[in-house]
Amino acid sequence: MVHVTTRIPRADAGDIARLGEFTAATIHEAQGRRGAIDSGIKPIDPESSFVGSAFTVVCAPRDNLMLQVAIHYAQPGDVLIVSAGAFSEAGMFGDVLGNACKAKGISALVTDAGVRDTRELRELGLPVFSGSVSIKGTVKETLGALNQPVVFGGELIRPGDIVKGDADGIVVVRREEVREAAELSAARDAHEAELITKYWAGGTTIELCNLTEVLKAKGLTTDIEDAS
């Protein structure tokens, strides 16, 4: 017997939406370079992006029984985080389950294993991030954990933590830190916009990044000094 948890704590919807305005890379840097999921998990459509509350599920390799259970219980706006042992030689999710997710308003599916029907999933418009693409089928045999903390892609993800994904990668933010992460991300974006403006006004990388003394201390010299 396996007893599963179907109800999870979720952050404020407005705070989640605000965080979703920023890129995964910006959020990762802004929160102290934390939360980056393994870069081997990639979007099947690089134009897709998502943000939402993590709804975690553990599946046995080549077995999508618990994924189907997760889809049943997930709520609109949730992101399915499917840990399946990073098994690459099976497509545990395709267009039929993709339509089930889309119909429920699920924000995205992220798995360390394989998916298939990628053309149909792209046309459906459901963000899907996976460790591989495989045409091989699965079984529906093994029970597993639902909405328990899981180490996924090298990071601990708890049910209800916020997950943001885009073309560059995926980042997880603790649900208690969503508002702070959004504020830090906004400040980082503002700083980078200011740098870009200064570059176009003639500023240089060494000047604007305060590298003069750093490079001098490391012993960097140039032919400009040789000529003077």
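Q: What does "partly exposed" stand for here?
A: With a 1.4 Å probe and protein chains only, buried means under 20% relative accessible area and exposed over 50%. Partly exposed is what lies in between.

Q: What kind of model is this, and which cut-offs apply?
A: Residues are numbered from 1 along each chain as its sequence is written, and side-chain values use heavy atoms, with hydrogens and water left out. The model is predicted: local features need pLDDT of at least 70, side-chain atom pairs count only at pLDDT 80 or more, and totals for chains, interfaces and linings use all residues.

Q: Is aspartate 95 buried, partly exposed or exposed, and why?
A: Aspartate 95 is found in helix H4 (residues 95-104); helices are DSSP runs of H or I, at least four residues, numbered from the N terminus. Its relative accessible area is 25%, so aspartate 95 is partly exposed.

Q: Which residues does leucine 97 touch, leaving out those up to four places away in sequence?
A: Leucine 97 is also a helix H4 residue, and it is buried because its relative accessible area is 14%. Taking contact as heavy atoms within 4.5 Å, leucine 97 touches Asn64, Leu67, Gln68, Ile71 and Met92.

Q: How far apart are the end C-alpha atoms of helix H6 (residues 178-200)?
A: The expected span is 1.5 Å times one less than the number of residues. For the 23 residues of H6 that comes to 33 Å, and the end C-alpha atoms agree, being apart by 33 Å.

Definitions and conventions. Helix = DSSP H or I, 4+ residues; strand = E, 2+ residues; numbered from the N terminus.
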